Amino acid sequence: MSILHGRADAESAAHELREALAGSGITLPSLGIDPLYPLVELGRCNAETALRLAAVLRRCGR
């Protein structure tokens, strides 16, 4: 895996993550880009969404 730099890379990563989560029926409403740094903000979600995300990650394994 390569190291990503810059805002465009963070935006691309956020888009990819949003699509992958949507494919599993998961929406993180606060998913976005940090305004000061090229970081993906995962934001906040309710407990049901957190549990669904955990279940998807467990199914995928390592």
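Author: Helices and strands are taken here as DSSP runs, a helix having at least four residues and a strand at least two, and they are numbered from the N terminus. The model is a predicted one, and its mean pLDDT over the chain is 89, with 92% of the residues scoring at least 70. Among the elements of the chain, β2 has the highest mean pLDDT, at 96, whereas helix α2 (residues 47-60) has the lowest, at 92.

D34 is buried and yet takes part in no salt bridge, since the nearest side chain of opposite charge, that of R7, is 6.6 Å away, while a salt bridge calls for a side-chain nitrogen of Lys or Arg within 4 Å of a carboxyl oxygen of Asp or Glu. Once the neighbours within four places in sequence are set aside, the contacts of D34 are with R7, L39 and E41.

The side chain of R7 forms a salt bridge with that of E11, at 3.2 Å from N to O, and the structure holds 1 salt bridge. R7 and E11 both lie in helix α1 (residues 6-23), and because they are 4 residues apart there, about one helical turn separates them. R7 is partly exposed, with a relative accessible area of 42%, and E11 is also partly exposed, with a value of 39%.

Helix α1 also contains L17, which at 31% relative accessibility counts as partly exposed. L17 forms a nonpolar patch on the surface together with V40 and L42, and the accessible area of these residues together is about 210 Å².

As for the chain as a whole, it has 2 helices and 2 strands, which run in the order α-β-β-α from the N terminus on. The C-alpha trace spans about 30 × 25 × 15 Å along its principal axes. Of the 62 residues in the chain, 18% are buried, and D34 is one of the buried residues. The accessible surface of the chain comes to about 5000 Å², and carbon and sulfur atoms account for 58% of that surface. Among the contacts in the chain with a separation of 6 or more, 39% are between residues 24 or more positions apart.

Definitions and conventions:
Residues numbered from 1 in each chain as written. Predicted model: local features only at pLDDT ≥ 70, side-chain atom pairs only at ≥ 80, totals over all residues. Heavy atoms only, no water. Buried < 20%, exposed > 50% of the residue type's maximum accessible area, 1.4 Å probe, protein only. Lys, Arg positive; Asp, Glu negative; His and termini not counted. Contact = heavy atoms within 4.5 Å. pLDDT = per-residue confidence, 0-100. Patch = residues over 30% accessible without salt bridge, like charges linked within 9 Å, V, L, I, M, F, W, Y side chains within 5 Å. Areas by Shrake-Rupley, 256 points an atom, 1.4 Å probe, with all protein chains shown as cover.
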